[in-house]
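Dear colleague,

I am handing over the structure below, and my notes on it follow directly after. Please read them alongside the coordinates.

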Amino acid sequence: MAQQPLRILACGDVEGKFDVIFNRVRAIQKKSGNFDLLLCVGNFFGSTPDAEWEEYKTGIKKAPIQTYVLGANNQETVKYFNDVDGCELAENITYLGRKGIFTGSSGLQIVYLSGTESLTEPVPGYSFSPKDVSSLRTMLCSTSQFKGVDILLTSPWPKYVGNFGNSSGEVDTKKCGSALVSSLATGLKPRYHFAALEKSYYERLPYRNHIVLQESTQHATRFIALANVGNPEKKKYLYAFSIVPMKLMDAAELVKQPPDVTENPYRKSGKEASIGRQIPVPEEEPACQFFFDLNEKQGRKRSSTGRDSKHSPHPKQPRKPPQPPGPCWFCLASPEVEKHLVVNIGTHCYLALAKGGLSDDHVLILPIGHYQSVVELSAEVVEEVEKYKATLKRFFKNRGKRCVLFERNYKSHHLQLQIAQPGAAYFYVELDTGEKLFHRIKKNFPLQFGREVLASEAILNIPDKSDWRQCQISKEEEETLARRFRKDFEPFDFTLDD
C-alpha cells in the first residue's frame, strides 16, 4: 500500500497577526480538508501589543492545527523564546528551537535554523553563526548514506538563490539574504526550503542537486519565500503542499526531474561555488584517548581508532567530544563509571550492562564522549551506534529473543540508548521489527517510563523490577554477568574485525 502523503501548510512572517493566520487556516481546512502541520518562518511575533497572544497563551483561543515556529530575529522578540532547545509556547504552538532536526512519526525530516546571520562574536540571542551552520552540516551530511532532507526552514533567504532561476522581483538575491543559509542549503539538499523576512513572495523554479553527466541524478529542491501575513498588497503568505517522506519513497520516483528544473544557484559554471568554502569550520583539538582491550588474554593497549596500535602506528584521532559540566556516571573516562559493567568497547561507543537490569542481558549503548542525546552525536558516532544496534538485534535473534531500544532525553546529561532485550526533550522507542516511535516531551514525564512499560504485566510481567534500585545485585554477581555476556557476544563482536 502506497504511503499517504502528508498535507502541510507553510507561512511567512506572522508578526503577531495570530487571528488572521489561524482564521485563514480554518477556512482552508473547511474547504479542502484537514492539514497535518503548519510551519511558520520569519517573525512569528511582532511589535503589536500582547493582548492577542495572551488569549492563545492562556488557552482562551487555540490554534486549529499543530503549528511549529522558528525563533527570534531581533532583540525585541527574544523574550518569547525562553528555551533555546524549543518548547511549547501555547496549545498546538511549538517553538522548534535554535537549530536542529525534527523527525516526525511519519519519518518526515525537517531541519530548522532560527534567527539571522551573525559573523561577529558574541553571537546575539536572535542570530546564528558560522559554527551553528557547520555543526548542522556535519551532523547530517557526513555519512555516506546521506541523500538530503525533506524540508529546510530558515528565516533569511539564501544569498544567490535567484541565480539561473526566474526573476525574484524586487529582491536582489545577490545583495540580500545569507551566504550561511546558502551553504546550509547546498549541503542539506532539502526537497523544500522555506524562508521569509523580505515581505515578498517568490517561488523559484526547482533546481538540481547534482552536476549533469558527472554525478548520479538526485532529487530537485524547491525554494519558496513567503510574504508577511495579511499584507495589504495581497502577496502570497501561505503555501500548501503534499509530501511523502524521502525515506519512504521509491528511489526512481524521488529523483524524477521536473520539466522546468534549472542549474543549482549556488554553483558556478557547473562547479561548486565558493559559498560553501567561505564558512569556517571550527577547529577541534585531537583527542588523546586510549583504553585497554577487554580481552584479558591479550592485555594490550588499543588506540581510539579501534584497531591494535601495532597495526596502525599513526592512528587518526577522532574529534574531541563535548565535556560534561560535572561528574557523569556514563563518560568512560569518568571515575564514577562502574567499569566492571562494561562489556564491549568500540571506537566511539561502548556497551555496558544496566545497573539493576530488567534481565541478565539488559545492556546500554553509550558514547565514549559526553553527549546528551542522539541528535547531538557526530556522524561517526551515529554510524557506530547504528552498527551496535544492528549487531545486538542479530545477537538476540540468534538466542531466540526479541529486543526493544529506547532513549529518554529528559532530565538526563549523558545519552543512554537502552536495549532491554530520533536538544529538545523527547522519548524514542525502536522495535526489532523496524518500527519507530517518537514522542516530544513538553511537560512532566516519568523518568522510568520505558522501564516501567517493559516491566508491566502486559509485556515482561515483572512489575517488581520497574524500579532499578530494587533490582541491584552484588558487585561479584555483576562481574559474573558481565563475563558471561562478553563470552556470548564475542562471535558477533564487530570491534574485533581488522
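Helix H1 (residues 18-32) has 15 residues and, in this predicted model, spans 21 Å from its first C-alpha to its last, close to the 21 Å expected at 1.5 Å a residue. Its buried residues are Phe18, Ile21, Phe22, Val25, Ile28 and Gln29, and because they cover an arc of only 120° around the axis, they lie on the same side of H1. An α-helix has 3.6 residues a turn, so residues three or four places apart point the same way. The face of H1 turned away from that buried side carries the exposed residues Lys30 and Lys31, while the cover over the buried residues includes strands E1 (6-11), E2 (37-40) and E14 (238-243) as well as helix H2 (51-57). Just after H1, Gly33 takes a positive phi of about 95°.

There is also an open sheet of six strands, in the order E6-E7-E10-E11-E13-E12 and with mixed pairing, whose edge strands, E6 (99-103) and E12 (202-203), each pair on one side only. Within this sheet, E11 (residues 192-195) and E13 (residues 222-225) pair in the parallel sense over four bridges, and His193 stands opposite Phe223 in E13. Helix H3 (residues 130-141) packs on the sheet, touching E6 and E7 (109-113), with its direction at about 35° to that of E6, whereas helix H4 (residues 179-188) lies across E7, E10 (151-154) and E11 and runs at about 170° to E10.

Finally, helix H6 (residues 379-398) has 20 residues and reaches 29 Å, close to the 28 Å expected; its buried residues include Tyr388, Phe395 and Phe396.

Best regards

Note on methods:
Residues numbered from 1 in each chain as written. Predicted model: local features only at pLDDT ≥ 70, side-chain atom pairs only at ≥ 80, totals over all residues. Heavy atoms only, no water. Helix = DSSP H or I, 4+ residues; strand = E, 2+ residues; numbered from the N terminus. Expected span 1.5 Å × (residues − 1). Buried < 20%, exposed > 50% of the residue type's maximum accessible area, 1.4 Å probe, protein only. Arc of directions from axis to C-beta. Contact = heavy atoms within 4.5 Å. Pairing = 2+ DSSP bridges. Axes fitted to C-alpha atoms, helices over the stretch in contact; angles between N-to-C directions.
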